[in-house]
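These are my notebook entries on a single chain. I went through its elements, its helix contacts and a few residues in loops.

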Amino acid sequence: MGTGETLLVGLLVLVLAVALLSNALVLLCCAYRAELRARASGVLLVNLSLGHLLLAVLDMPFTLLGVLHGRPPSAPGTCQAIGFLDTFLASNAALSVAALSADQWLAVGFPLRCAGLLRPRNAGLLLACAWGQSLAFAVAALGCSWLGYSSAFASCSLRLPPEPEHLRFAAFTAAFHAVGFALPLAVLCLTSLGVLRVARSHCRRMDTVAKKALVLLTDLHPSVRQRCLIRQKQRHHRATRKIGVSIATFLICFAPYVVTRLVELVPSVTVNPHWGILSKCLTYSKAAADPFMCFLLCRPFRQVLAGMAHQLLKRSPPPASAHHSSLDAENDSCLQQSL
């Protein structure tokens, strides 16, 4: 095994370990505290983390074995089953991100008008649509015998069929990535822009109030006044930075693999195995990055983790009155972070 394969194996092991730990922690927090799963965003979060966990348990290890041994699993039918799960979970994860982003936009942009829509039952309907579309593509690929071991990606997934079926396979691949990548990306961008407008409007109102307060408080030291003005400017950039990171992460993780899959359809193009495996690792890295970026670093999840750690160490947890109300108040905003 050369240096390239060694680095790819190390990257896969790291992504696998982080994805298992982080998504298990998210599900554990949601099971421990009912408030985290009591709203539509919580249901969508549980679905996303559960899908990431299944991907880490049932898909990533076989890609790791493919990189190590350069061949598919020996048991008959195993590679087709893994390819079915890979196709289903990849599409479901991207559509779940789009659903979370739409839920965020409704919660921030129309908090009163759409309050009745942000219920777990409606989230279940969104998930049913996402699961239905993902299942339809996975069943179609399995029925057409387009699932198997792809040496360019060292994984069991969609693979190029014989020459007579290239046109049908190209149409299927284009439709699959249009629904599983282009549509979620469009929803993510449009809803994020809507959230950004609301955030900037809110920051402007806060700045107006803060400036009026600074004018009235004439006894403030100039250094304190300057720090307040600096914090106002920082608030302007915070929302833009968060939304930009979420969209950039989506593109970095999914775009290389999608573009490689589409370029693979050109008969004269041969995908380099190192690049193919790296692009596959990038799609896996979304399962490891989502929990840390959007959930585990938020205050409600940190408080729940701290409470579980105190119980595990048999220490008395912090007084509930000190932070329980803040957990309820921040639960919505934290669960609605962009993916």
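Which residues does glutamate 264 touch, not counting residues up to four places away in sequence? I looked this up first in the model, which is a predicted one. I found Ser150, Phe153, Leu160 and Val271 as the residues that glutamate 264 touches under that condition. I placed glutamate 264 in the loop between helix H7 (222-263) and helix H8 (273-296). Buried or exposed, I asked of glutamate 264? Its relative accessible area is 9%, and I recorded glutamate 264 as buried because the cut-off for that class is under 20%.

Entry on the chain as a whole. I counted 10 helices and two strands. I then read the order of the elements from the N terminus on, and noted α-α-α-α-α-β-β-α-α-α-α-α. The chain has 339 residues, and 42% of them count as buried. I also looked up the contacts with a separation of 6 or more, and found that residues 24 or more positions apart account for 79% of them.

Entry on the two strands. I noted that strands S1 and S2 run antiparallel and are joined by four bridges. For leucine 147 I looked for the bridge partner in S2 and found leucine 158. The hairpin of S1 and S2 has four residues between the strands.

Entry on positive phi values. I took alanine 154 from the loop between S1 and strand S2 (155-158). Its phi is near 55°, which I marked as a positive value in a residue other than glycine. With a relative accessible area of 3%, alanine 154 is buried.

I then turned to serine 145, which has its place in the loop between helix H5 (120-143) and strand S1 (147-150). Here too I noted a positive phi in a residue other than glycine, with a value near 60°.

Entry on H1 and H3. At what angle do helix H1 (residues 3-32) and helix H3 (residues 60-69) pack? I read an angle of about 170°, with the axes 10 Å apart. That angle is over 145 degrees, so I described H1 as roughly antiparallel to H3. The crossing in which H1 passes H3 is left-handed. From H1, I listed Glu5, Val9, Leu12, Val13, Val15, Leu16 and Ala19 as making the contact. From H3, I listed Met60, Pro61, Thr63, Leu64, Val67 and Leu68.

Entry on H2 and H3. I next looked up helix H2 (residues 40-58) against H3, and found that their axes come within 4 Å and cross at roughly 35°. Leu55, Ala56, Val57 and Leu58 make the contact on H2, and Met60, Pro61 and Phe62 make it on H3. By class, I noted seven nonpolar residues in the contact of H2 with H3, with no polar and no charged ones. I checked the two lists for H3 and marked Met60 and Pro61 as present in the contact with H1 and in the contact with H2.

Terms used: Residues are numbered from 1 along each chain as its sequence is written. This is a predicted model: local features need pLDDT of at least 70, side-chain atom pairs count only at pLDDT 80 or more; totals for chains, interfaces and linings use all residues. Side-chain values use heavy atoms; hydrogens and water are left out. Axes are lines fitted to C-alpha atoms, for helices over the stretch in contact, and angles run from 0 to 180 degrees between N-to-C directions. Angles under 35 degrees count as roughly parallel, over 145 as roughly antiparallel, 65 to 115 as roughly perpendicular and the rest as oblique. A crossing is left-handed if the near helix is turned anticlockwise from the far one by less than a right angle, and right-handed if clockwise. Contact means heavy atoms within 4.5 Å. Buried means under 20% relative accessible area, exposed over 50%, partly exposed in between (1.4 Å probe, protein chains only). Two strands pair if DSSP finds at least two bridges between them. Ala, Val, Leu, Ile, Met, Phe, Trp, Tyr, Cys and Pro count as nonpolar, Asp, Glu, Lys and Arg as charged, and the others, Gly among them, as polar.
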